[in-house]
Amino acid sequence: MTVPETNGHGPIETPPRAPSPVHKFGTLAVHAGSPHDPVTGAVIEPISLSTTFAQTSVGVPVGEHEYTRSSNPNRWNFERSIAALEKAKYALAFASGSTTTAIILQSLAAGSHVVSVSDVYGGTHRYFTKVASAHGVRVTFTPSIELDVEELITSETKLIWIESPSNPTLSLVDIRAIADIAHKSGIMVVVDNTFMSPYIQNPLEHGADIVVHSVTKYINGHSDVLMGVAAFNSDSLFERLKFLQNAIGAVPSPFDCWLAHRGVKTLHLRAREASKNAQVIAEALEASPHVIAVNYPGLDSHKQRKIAIKQHRNGMGGGMLSFRIKGGKPAADRFCEATQIFTLAESLGGVESLVEVPASMTHMGIPKEQREAAGVFDDLVRVSCGVEDADDLVADIRQALEQVVVREQKVSNGVANGH
Ligand SMILES: *Cc1c(COP(=O)(O)O)cnc(C)c1O
C-alpha cells in the first residue's frame, strides 16, 4: 500500500514530512515513518546501531545520516510517526520527557518569563523552580490559568505551559481559550499531552504551538523505555530545537526509538481500551459507599466535562483517574497494597494497571498545604488503567475496597493487630 512519508530517503537536512490528511489515526500509527527496508524488503525496520555512516567523498554521506547524535534512521522514523499522530509538521525525540522540557526551556533567552499551571508534573516543577532559574528564566505558577493568565503576562513572557489533564487530580484546561490570549501577545503555548496521548487529544488542533510527551508513558506503552518527544509546526522552532537536540546531545538510543516506535503502532488500541476500562472503573468507584469523590474527565460529574467533550476524541476520559477513599491515609495505603491485578507503582500509561498514593509517592516533594490546595489529599489514590479485562479490574477494585473497610471495622472494634 502507498502511505505518505514511507520513503525515508532525501537530503540529510530534510525534515520529517507532514502527514497526509487522508489517513486516519490507526493507519498512521501503523504506517507513518515505517518504510520497508529498501535493500532487503524487511517490513520491520532494522535497528541501526551504527554510530557513524560512511561517506562516498568528503562531506557526502552515502545516505541521509552522518553521525547518530545528529540523526539516526530509527529516531527519524519514530519522529515521523509522532509528527503524523500529533498532526504536526515536525517532531523531535529526546532521551526522556524531562529532557524535552529542559530543551524547550533552554531555547528561551535569559530574562524570559513563563506562566505555568501550578499542578504540573513534579519533575517539570523541579526543572522550572530549580534549574530554569539558574539560566535566568522565571516561571510564575497559577492554579486558575483561565482566569488570571492575562494579568500574569508581562512583556518578558515567552511561553505558557499547560498540562491537561493535570496530575493527579485530572483537571482540564481549555487550550483554545489560553492560546487565543497568548497569541495576541506573540506568546507560545506548550501542552504536556502525556496523560491523554495523541490518540485522545491533539493540542495543536486546539491552538497549542508545541505538544510534548513523556514517551515513557502511553506512546511506548509497555513500561520499558524512557523517552520524550516534542511536536510542532513552526519552521524556526524546528531549526532552534533541532540545533539544541544535537548540541546538547540528550538523544534516545536507536534501540529505544525502535521499541517506542513498535509501541506506538498499537497506541490507538491501547488508549481506547485503557479509556474504556477507566470509564467502567470510575463509574464503579463513584457508586461505591467507600469512596468520597472520583476525578475522571469521562464522568458527567467532572467539573470540566464540557472541555473533555470539546478537546478529547469522542469525549473520552483517558486511562487515568484518581479518587479519595474513606478512612484517610491508612485506607489509601492499604487499598494499594490489597489490589491483586493493579500493581503498586509509580508511572502510568503501560498495558498493565497501576495504583499509587500521590501524597506519599509521586507528589511527596510538594508541601502538604500546597498539595491539599491542589486537591492532593493523603487519601487520594491514583489509578493508571491498563488493557486487562474490565470485569477483572472492577472486581479487583471492589475486593480491595472491601478489604480496607473490613480492616477499618476490625480496627475500630479493637480486633486488628492482635488487640
Ligand atoms: C513522566 C512525565 C514526565 C517526565 O517524563 P520522563 O520520561 O519520566 O522524563 C513529564 N510529564 C508528565 C505528565 C509525565 O507523566
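Predicted model: local features only at pLDDT ≥ 70, side-chain atom pairs only at ≥ 80, totals over all residues.

Biologist: Why is the pair of Y90 and F238 called stacked?

Modeller: Ring centres count as paired within 6.5 Å, and planes under 30 degrees apart count as stacked. The centres of Y90 and F238 are 4.2 Å apart and their planes lie at 15°, so the pair is stacked. Y90 is in strand β3 and F238 in helix α8, 148 residues apart.

Biologist: What makes Y90 and F238 buried?

Modeller: The cut-off is under 20% relative accessible area. Y90 has 5%, so Y90 is buried. F238 has 4%, so F238 is buried too. Ring pairs also join Y90, F238 and F232 into a cluster.

Biologist: Why is the pair of F323 and F335 called edge-to-face?

Modeller: Edge-to-face needs planes over 60 degrees apart. Those of F323 and F335 are at 85°, with centres 5.3 Å apart, so the pair is edge-to-face. F323 belongs to strand β11, F335 to helix α12.

Biologist: How do you know that the charged end of R324 sits over the ring of F377?

Modeller: The distance limit is 6 Å from the ring centre, and an angle limit of 35 degrees from the ring normal applies as well. The charged end of R324 is 3.9 Å from the centre of the F377 ring and is listed as sitting over that ring.

Biologist: Why do the buried residues of α5 line one face of the helix?

Modeller: I145, D148 and V149 are buried. Down the axis of α5, the buried residues fall within an arc of 140°, so they line one face. The face turned away from them carries exposed L147, E150 and E151.

Terms used
Residues numbered from 1 in each chain as written. Heavy atoms only, no water. Buried < 20%, exposed > 50% of the residue type's maximum accessible area, 1.4 Å probe, protein only. Helix = DSSP H or I, 4+ residues; strand = E, 2+ residues; numbered from the N terminus. Arc of directions from axis to C-beta. Phe/Tyr/Trp six-rings, centres within 6.5 Å; stacked < 30°, edge-to-face > 60°.
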